[in-house]
Amino acid sequence: MSTKISVIKIGGNVLDNADNLERFLTDFSLVPGFKVLVHGGGTIASEIGKKMGMEPIMINGRRVTDANTLHLVTMVYGGLLNKNLVAQLQARKCNALGLTGADANVIPAHKRPVKDIDYGFVGDVESPDQVNVAFLASLAEQGIVPVFAALTHDGEGSLLNTNADTIASTLAVALSTRFEVNLIYCFEKKGVLLNVEDETSVIHHLQPNYYAELKDKGAIFAGMLPKLDNAFAALEQGVKAVVIGDAAEIQDIAAGGKAGTRITL
Ligand SMILES: Nc1ncnc2c1ncn2[C@@H]1O[C@H](COP(=O)(O)OP(=O)(O)O)[C@@H](O)[C@H]1O
Ligand SMILES: CC(=O)N[C@@H](CCC(=O)OP(=O)(O)O)C(=O)O
């Protein structure tokens, strides 16, 4: 049986709350075995941008990224958030290494082609078989925990802003060629909810048919749509298990407990 690895993603609403983040990082550092952390930070980039006079423009859950916005997200994701996460994990004796997709050419991407919308410097990742899995495996063997910011590169010198959920699913799929991968999306709610206002309405198992039904009813919307699309795509491409759940319950989720929403095909 192949070695297990957990790919764990945290979003901006967890990063933005100091208490929740501290708790998450303590729990994350205790998750046994090989692991990779992927972080977003969209809400923080928007807040900092606004202070600098930049209004965020989001279309279909993706940030329109002009040259100034690319500078902003490089500073916020690749600098402020990534390096603080690494320092906070080091304080917990978790030997983290902060990376973007450009480092060691781990995640090659290309600028999203302009169709109806010009997203600017937004990256679509190349296929998962282009991911530098050998490098990630060597880090895992050394007990080093990669921490990825939501940035990729085009191979021609430009960084590209890339949705963190997509980075997590791409890494998870790529690592599935060598490991048994659990992909865990952590956010600020208990899981995918039947009623987004009711934290007790967690859907414990979600399959494609039920997803389609809930999407039609409008019970699943906004950022949850690309997250679920990424989750199903990851399972179709060899990822062993995908769970969407509360960052506060990462230990239970990582141990295969009942918390969160288990996504199945
Ligand atoms: N059925 C649902 N259950 C839970 N959250 C949902 C649901 N439908 C929509 N959402 C929204 O999806 C959001 C999570 O997606 P997103 O904002 O992209 O999170 P993150 O930044 O953590 O990736 C939640 O904060 C919630 O507002
Ligand atoms: C292209 C694009 O939209 N990139 C995202 C990357 C950050 C992200 O995904 O952050 P969360 O996981 O916290 O939402 C953005 O700039 O908002």
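**Exercise 1. Find which residues Leu-171 touches, leaving out those up to four places away in sequence.**

Step 1. Apply the contact criterion: heavy atoms within 4.5 Å.
Step 2. List the partners. Leu-171 touches Val-36, Val-38, Val-106, Ile-107, Val-131, Leu-136 and Phe-148.
Step 3. The largest nonpolar core has 81 residues, and Leu-171 is among the four that touch the most other members, with Phe-24, Phe-148 and Leu-228. A nonpolar core is a set of buried Ala, Val, Leu, Ile, Met, Phe, Trp, Tyr and Cys residues joined through side-chain atoms within 4.5 Å. Helix α4 (residues 67-90) gives the most to this core: nine residues.

This is a predicted model; local features need pLDDT of at least 70, side-chain atom pairs count only at pLDDT 80 or more, and totals for chains, interfaces and linings use all residues. Residues are numbered from 1 along each chain as its sequence is written, and side-chain values use heavy atoms, with hydrogens and water left out.

**Exercise 2. Decide whether Ser-169 is buried or exposed.**

Step 1. Locate Ser-169: helix α6 (residues 164-175). Helices are DSSP runs (H or I, at least four residues), as are strands (E, at least two), numbered from the N terminus.
Step 2. Recall the cut-offs: buried is under 20% relative accessible area, exposed over 50%, partly exposed in between (1.4 Å probe, protein chains only).
Step 3. Ser-169 has 7% relative accessibility, so Ser-169 counts as buried.
Step 4. Beyond four places in sequence, Ser-169 touches Leu-183, Tyr-185, Asn-230 and Ala-234.

**Exercise 3. Describe how α2 and α4 cross.**

Step 1. The axes of α2 (residues 18-30) and α4 come within 10 Å and cross at roughly 60°. Axes are lines fitted to C-alpha atoms, for helices over the stretch in contact; angles run from 0 to 180 degrees between N-to-C directions.
Step 2. Classify the angle. Under 35 degrees is roughly parallel, over 145 roughly antiparallel, 65 to 115 roughly perpendicular, and the rest oblique. α2 and α4 are therefore oblique to each other.
Step 3. Name the residues. Leu-21, Glu-22, Leu-25, Phe-28 and Ser-29 in α2 meet Leu-85, Gln-88 and Leu-89 in α4.

**Exercise 4. Describe how α7 and α8 lie relative to each other.**

Step 1. The axes of α7 (residues 208-217) and α8 (residues 224-236) come within 12 Å and cross at roughly 165°.
Step 2. α7 and α8 are therefore roughly antiparallel.
Step 3. Pro-208, Tyr-211 and Lys-215 in α7 meet Leu-225, Leu-228, Asp-229 and Phe-232 in α8.

Note on methods. Chains lettered and ligands numbered in written order.
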